[in-house]
Each structure stands twice: as structure tokens, then as C-alpha cells.
Amino acid sequence: MNPQALMDGLITGSMIGLGAIGVTLTYSILRFANFAHGEFVAWGAYLALVVSGALGYLSGSLLTPIGPFSFGWSLPMAAVIAAALTAGLALLVDAVLFGPLRERRSAVIILVMASFGAALTLRNLLEFIFTSQPAYYTKALQIAFPLGGGLRATPDQLLTLGVAAVLVASVHILLTRTAIGRSMRAVSENQQLSGVVGIDVRKVIRMVWMLGAGLACIAGVMAGLLVQIRPQMGLDLLLPLFAAAILGGIGSVPGAMLAGLIVGLAEALAVQLIGAEWRSAIAFVILVMILLLRPQGLFGRPE
Amino acid sequence: MILDLMAYGAFFLTMALTYAIICLGLNVQWGQTGLFNVGIAGFVAIGAYVSALLTTPDAPGRFGGFDMPIAIGWLGGALATGFATFLVGALTIRLRADYLAIATFGVAVAVQLCVLNLEPVTGGPFGISFIPRPFASVAGNPSLFSALNLAVLAAIVILLYLALERLARSPWGRVLRAIREDETAALALGKNAVRLRLQAFAIGGAIMGLAGATQAHFIGFIAPDNYMPTLTFQVWAMLIVGGSGNNRGAILGAVVVWGIWAVSASAVSTVFPTEQQARAASLQIVMIGAALCAILLLRPRGILGEVRMFHRVGPATGNDQPPDPPVNEPLHAEKP
């Protein structure tokens, strides 16, 4: 295997992993497969594009590249603001759509269908506002430098890998070591019972949306930085996200990240061996294999 | 002028009826059994491509073109799709309810990819053309030609409607509804829930395949672009608007939503300049998406809604709110 495929796989995999964390959290705590999650990735990328453009317009010095990277301070600042805005978008969708359906105790599958409608609405809204032309954060070209062993990477790529690792570690610590994290795990175990012992279930639900959408936004910014920004990017990521969430075991954050890396590496390998045109079939093949062999995933518990 | 209008009306209705067939198939899966299929476009595509391969004249540089009669193509399309649906169902129907949704979504992506990349079989991005049209011998007389086409589709829809109504009232249909409403009770009575669900899923899939085949022959040309997720979405909108669980609702919803779609599409093409039309078309989907969400929130039963065949015994639910569409409760019960 070409060692470069390893690098590509790790990078795609870390984006898939970040997105899959949100899918796995909504799935285990709100108990439905959210087909609109990919749109948070795309909206995050576009929101960061708008904010970073605005910041650059206010102060041109923010656009000068930082050190070896291809972008100026406007992008990291925009990424943080966009993550907050995407979290707000998720809360808005929940308040308008999922919340009322939950109030009414709708069947899970109604929530899934509503998320499907929300996904189409959000995606086509992006396409209407920004057209289907791809957009970029920066036009700067970067030279990949050798890392040894035939591996090459650009500074941007290494940075995204580092950021992804730090984010996953922080989410894991948040879930295992803090009060809100314990509440989240309690709600995912049993919503009624955790309500009875005084856990604010609505706060937990808000937290799930903010965390999931924020991570999705960062994944979108990474994809925009390393590849490009398109309205369809969320749709293209959706199947890998679901495959990773199920492979990792629903509810497991480390599982989602590890499975994201597996899906990313498998895709990179497939590009090498079969051809790039079959890339998006890999997630489907992985999905079918998990459902056949181990439906509870790597770290999940059997039902 | 009148003739033009009638020709357009016939074309519109024929197209709407092909959607009505898909809707009837979805109604077997969702309305009567509570199985959520997000891969409709993929299943419709399988039917369309299989039928096209069976009936087109031999094409150089492409596999197949078996030049068979149209009826064989339609039957083949339906059977192939039924089989594909059966496989997907066998894989996921035992698992949580939304795994089926994810798996069918995957099927749609995979089918789209195969259709696009298997150029020697499917013609790749260029698709397959010269699909024989029914009554091609009278094509010289446009009004007779379109009237005959419309008649064929109307006959298919009516036959399917009668068959499905009969099926829904048969012991099979009653057990299916019993499983949907209360699986534990049905299991206790010795009904094999998994097998019945699988049967319903495969029958619905076969109907979707048939719809894809008829659509392909009516248009005469198919390409991967016809089977995007938007198609899935349109069909869902049709069933939800018409009222899931009700076969007449499925047909009505197909005609109504296709009508809204056609009118808003022609509005888009007249109001917006050419270079803005792709943008405006996405706005069209935004509006229909929002409408779908609104219906789920405000009127989950759709225009017609399911006709209750039996009155429920027991306490009323306490409010006048109509009950939500099918529930699949035991599949996603609380974790132990």
C-alpha cells in the first residue's frame, strides 16, 4: 500500500470521526438517526467562510498566513464563531422541529423522517444562497514536506490531525469526568429514570445538539480547508458518518472516532486498489458488513 | 389550443400516475407496515435499468439490449427490484427501526454509484436511450398515442389499487397492521413478525421497480440524474400529503404534489433568468421540504389519512389530536 494513502485515510478519517461523534450522541441520547447531521458539517463550513470573509474585510492583517499554514488568523477565529453559530442552528432546528415532535411523543421513525426533510431543506438553502460552485477558504498552495517513510503532508494536514485528536480527547474527558457528561450518559441509559433523579433532561438535550453541531462544524472547516466547500459535502459525508457511528457502537465517542479512522483508511485504500470512482461505495460495504456480522458495533452492547 | 392543453394534461397525468405507483409501493412498506425506506430512488432505478436492459435493441459497446417485449421488461424490473428489496430487508429488518432507514439510504447511494460507473452495462452518465415506448406504432398520431399511454398507466394504477386494497383486507394485511400496532401481542398470537414484514417490504419494493420500469418506457430515456435523493423526497412528500396508510391518499397525494411541483417548476422557469434557474430550483426543494416538516408537525395524517377498519376499544387518548402515523415501538424499546 502506498504510504501516502495512509495519510489521506487518516485525514478523511478524522473528519468522519468528528462528524460521527455528533451522530452517535444524538442517536444514543435523542434516540434517532439524524439524517440532517451532514448538513451541520456543510453549514459549519459555509458559516466559517462567511465569518472569515467578514473578518478579513474588517482587518486585512488577519489574512496574512500564520507561520507555515496557508491561512491567516481569520480562519481559526471564524471556525470558533462558526461552531457557535452551527450550534445555534442545531438548537433552532430542534426548537422548531424535533422538540415539538418529542413533546408529542412521536414515533422514532417520524423524527427520522423529519430529519430527512430538514436535511433537504438545509442543503438546498445552502445551494440557493451560495450556488453549487465550490468555494475555498484560501487560494494559497502548500508544498507537502516529507515526514520519512515515504509519507508527505502539508502543515495544514498535520494541524487538522492534531486538532481532531485534541477535540476527541476533550469530548471524551467531558463525557467521563464532568457532571454534564455524567448526566448525558445517564440520559442515554434511561431518560425517564434520569429525569426522576433530578437531571435536567432538556439541558442535556441542548448540550447534545451544541456539542454535535460544533464538532460537525469543525469537521466541515477541515474539509473546506483541505478539499473544498460545496453544498453537497454534507450529503456525501452522511453515509460514512452513519457507517462510522454504527461501526464504533452507538453511544461510544472513542468508538466513533476509531471507526471514523477505519472508514477513512478503507476509503483511501479503495481509491488505491479499485479506483476513486468507487470511493463512496466503501461506507456502504462497511455498513452491510457490520449489520451482518456485529450489529452492535465495536464498542456497543448487544440489544 | 384545446388539443395542446389536453395533450399536456395527458402527459402530466401519465407522469403523475407513474409516481402514484411508487407511492402505492411505499404505502405497503410505510403506511401498512411501518418500514421506513429512504432509498426509494435506488429501488426505482433498479426497476428502470433492468427493464431498459431487457427491452432495448442490441446496442454495440454495451451489455445487453435483449430486445424483449415491454411486458417482460416490466415484469423483470419488478422482480429484480423485489429481490433487491428482499435482500436489504433480510439484512436489517430484525434490527432497530432506523437501521433500515440507514441501510436503504446506503442502497440508494450504492445504486447511484453503480449506475454511474458500470458504463458497459448502464451506459454510465449518458444513460440508456431508445427504450421502446408502448404503442410506438401509433406515435404518428400524438393524441391517440398519449391517450393510450395514459390508459395503460391508469389501468395499472387501478389494478394495483384493487389488489392492494384486497391484500390489506385479507388476513395477511390484518396481521401486518396488528404487528405494526402492537408487535408483542401479534407475536403472542404466534405470528411471525419478521417474515411478514419482509414480505411487505419486498412487495413494496417490487411495486417501486414496476413504477421505475413504466416511467422509463414512458419517457424513453434514463440517466443516473433521474434517480437523485430528490426523487425519494418527492415520493415521501406525496405519501405524507395524501395520507399514509390510505391507498387512495397515496394516489391523490402523487397527483397533487406532482401538480404543485410542475406548476412551481414552470413558474421558476418563467420568473427567473436562465442563469439563475438552477438556484431557483433548489429553492423549490427548500419550500417543499419545509412543507413536509410542517405537515409532520401539523397534520401527520395527511389529506385522507388511514381509514380505521375497526373501532378501538378502550380509553380515549384524551385529546382530539389525530394519532401519529405508524409506530414500530418494540423495535426501539428502551434499552434493558
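1. The crossing of H3(B) and H4(B) is right-handed. This is read from a predicted model. The axes of the two helices, H3(B) and H4(B), come within 10 Å and cross at roughly 145 degrees.

2. On the H3(B) side, the residues that take part are Val88(B), Leu91(B) and Thr92(B). They meet Tyr99(B), Leu100(B), Ala103(B), Thr104(B) and Val107(B) in H4(B). By class, this contact of H3(B) with H4(B) comprises six nonpolar and two polar residues, with no charged residues.

3. As to the contact between the chains, 39 residues come from chain B and 39 residues from chain A. On the side of chain B that touches chain A, at least two residues each are supplied by helix H3 (70–92), helix H4 (97–117), helix H10 (229–242) and helix H12 (277–298) of chain B. That side of chain B divides into 26 nonpolar, eight polar and five charged residues.

4. In chain A, helix H9 (residues 233–248) has 16 residues. From its first C-alpha to its last, H9 of chain A reaches 22 Å, close to the 22 Å expected at 1.5 Å a residue.

5. Is H9(A) largely enclosed or exposed? Of its 16 residues, 15 are buried, so H9(A) is largely enclosed by the rest of the structure. Just after H9(A), Gly249(A) takes a positive phi of about 95 degrees.

Methods:
Residues numbered from 1 in each chain as written. Chains lettered and ligands numbered in written order. Predicted model: local features only at pLDDT ≥ 70, side-chain atom pairs only at ≥ 80, totals over all residues. Contact = placed C-beta atoms within 7 Å. Helix = DSSP H or I, 4+ residues; strand = E, 2+ residues; numbered from the N terminus. Nonpolar A, V, L, I, M, F, W, Y, C, P; charged D, E, K, R; others polar. Axes fitted to C-alpha atoms, helices over the stretch in contact; angles between N-to-C directions. Left-handed = near helix turned anticlockwise from the far one by under 90°. Expected span 1.5 Å × (residues − 1). Buried ≥ 20, exposed ≤ 12 C-beta atoms within 10 Å, placed from the backbone.
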